Amino acid sequence: MTGRDKIAVSLTPVAATSDSRTIRVAESLARAGYRSLIWESVASFEDPCVGLKCALIGATGETAGAAALPRSIRTAGRIAPLLTSARQGRFGFPGELALYAALRFEYRRRYEVRSRIPPASIYYVHSYELYRAVAGLAASLSAPVIYDAHDFYQGIRRQDELPSFDRRWMMPFFRRREAECVAGCDGLVTVSEGTADLIEAEFGRRPMVLRNAHDPRLDKTPALSLRQTVGLSEDDRLFVVVGNYKSGMAARELLDALAGSPQHWHVAFVGHGYEDGLARFADHPARGRVHVGLGRPSREVVPFIRDADAGLVIYKSHSENYREALPNGFFQVLAAGLPIIYPALPQLVATIGEARVGLSIEAFTAASMAAALNTIVDTPRAAYPDTAKISSKFSWLHDEQRLMALVGEITAARKVRWEDTGMKTLAGQEAES
C-alpha cells in the first residue's frame with residue numbers, strides 16, 4: 001500500500017469541533033501517515049484542525065446542509081406534545097407502533113447514508129448508529145472498522161426513568177443496532193475500564209480502553225479567555241464546568257450552592273445545551289451569576305479556561321453509565337492546571353488515586369458543594385500540586401500509542417483491496433464537496 005492509498009475516514013454523529021475525542025483520533029491517524037478525513041452528521045462551524053478535511057454526512061451540495069433545518073425545527077415544535085404522549089403510551093399499541101415506524105424511518109434517513117462516504121483503508125465510527133453506513137463498503141474493500149463507544153448507551157438512563165415506548169421499543173431497537181456493530185467491527189474501544197466492564201457484560205466482547213485524555217499538541221489559544229469573555233475581574237471568583245449539558249449533572253445542586261455564596265462568585269458552563277438544560281432554573285436566585293452559551297471548539301477549551309479559579313465535574317451516580325464516567329471535562333480541567341471538585345465515582349477515584357488535585361464529594365447536595373467551593377477558595381493552589389502530574393500521566397500521547405498498535409494489528413490482519421475506480425470515485429467526491 002502506498003502512502004497516498006492510506007486513507008482513514010472517521011464518522012461522528014455530532015459536529016467534529018464539538019467532540020475532542022473525534023479530533024484526537026483523526027489527528028493520531030494523520031500522524032500515523034493516513035490521509036485523515038472526518039465525515040460528520042452536523043456541520044462544524046470551523047475547520048477542526050489544520051490538515052483534517054471535514055464533510056457532512058448525507059449532504060447534497062450545501063456545506064452546512066442547513067436548508068431543511070428550519071422546517072424540521074418547526075415540525076418538531078408542532079408535534080412535540082403528540083410525540084411525548086405517544087412515548088408515554090397514551091395512544092396505546094397503535095400509537096407506539098406508528099412511532100416505532102417513524103423511528104426506523106428517521107434512523108435510516110439520518111444514519112444509514114452511504115452516497116458521499118469515500119473508499120478508505122480504515123473506518124473509525126464514533127457511534128454504532130453509523131456502522132451500517134460503512135459496513136458494506138468496508139467489506140467490499142476488506143477495510144477494517146473500529147467502533148468507539150463513548151458511553152454505555154444502554155445504561156445512560158435507568159429503566160424506571162424511561163417512558164413506555166422507550167422501554168419497550170426504542171431501547172431494544174438501539175440495542176440490536178449496537179449489538180450488530182459490536183459483533184461486526186474489527187476493533188472495539190471505549191473510554192474507561194468501568195464502561196468496558198458494562199459493554200462486555202451486555203454484548204460479550206470487551207473493548208480496549210482509550211481514555212478521554214487531553215492532547216496538548218492540539219491546543220489553540222482563543223482571542224479572549226473565559227474570564228474576559230464573561231466580563232469578570234481578577235477579584236471575582238470563577239468556577240467552570242466543562243462539557244456539554246447532560247441530564248445526569250447536579251446542576252440544581254450547584255446553583256443552590258452558589259445562591260448562598262458571596263455575590264462575586266460565578267459559575268461558567270463551557271459546552272453546549274445549557275441554555276435549554278437550565279431553562280427551568282430561569283428564576284433561580286443564583287441565575288444571574290451563571291454563565292452559559294460558552295461552547296468553544298474543542299481545541300480552544302483548555303487555554304480558554306485557564307484563568308478560572310477551579311473546575312467542577314458534576315456527574316451524579318444515577319445510572320450505570322454516569323457511575324463509570326471518565327469525561328473529557330475532567331481531563332481538560334486538569335490540563336488547564338485548575339484544582340478540581342469531583343464526585344466520588346469509581347473511575348475518577350481510581351484515576352486520581354492519592355494525588356492532590358482537589359476535593360472529592362461523596363454525595364452532591366447544595367451543602368456539600370457549597371463547602372467544597374469555600375474550601376477551594378480558601379486554600380492556596382499550591383496545596384494541589386499534582387494536577388500537572390496526573391494530566392501528564394494520562395495524556396493522549398500515551399493512549400495514541402495503544403490506538404496505533406490496535407490499528408496496526410487489525411490492518412495487518414486484513415489486506416485492503418484498492419481499485420482504480422475507487423480512487424477515481426474519491427477524487428470526484430472531493431471535487432464536489
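Residues are numbered from 1 along each chain as its sequence is written, and side-chain values use heavy atoms, with hydrogens and water left out. Because the model is predicted, local features need pLDDT of at least 70 and side-chain atom pairs count only at pLDDT 80 or more, while totals for chains, interfaces and linings use all residues.

**Overall make-up**

The protein has 17 helices and 13 strands. These are DSSP runs, numbered from the N terminus (helices: H or I, at least four residues; strands: E, at least two). Of the 433 residues, 53% are buried. Buried means under 20% relative accessible area, exposed means over 50%, and partly exposed lies in between (1.4 Å probe, protein chains only). The accessible surface comes to about 18,900 Å². Carbon and sulfur atoms account for 52% of that surface. The areas come from the Shrake-Rupley method with a 1.4 Å probe.

Contact means heavy atoms within 4.5 Å. Take the contacts between residues at least 6 apart in sequence: 71% of them join residues at least 24 apart.

**Q154**

Q154 sits in the loop between strand 5 (145-149) and helix 5 (164-184). Q154 is buried, at 13% relative accessible area. Leaving aside residues up to four places away in sequence, Q154 touches M171, F174, R175, E178, E202 and F203.

**Salt bridges**

Side chains of opposite charge can pair when their charged atoms come close. Here a salt bridge is a side-chain nitrogen of Lys or Arg within 4 Å of a carboxyl oxygen of Asp or Glu. The whole structure holds 18 salt bridges. Among them are these:

| E193 | R206 | 2.9 Å |

E193 lies in helix 6 (residues 193-203) and R206 in the loop between helix 6 and strand 7 (208-209), so their bridge ties together parts 13 residues apart in sequence. E193 is partly exposed at 39% relative accessible area. R206 is partly exposed at 33%, and E200 is partly exposed at 35%.

E400 is buried, at 12% relative accessible area, whereas R217 is partly exposed, at 39%. Shared partners join R31, D215, R217 and E400 into one salt-bridge network.
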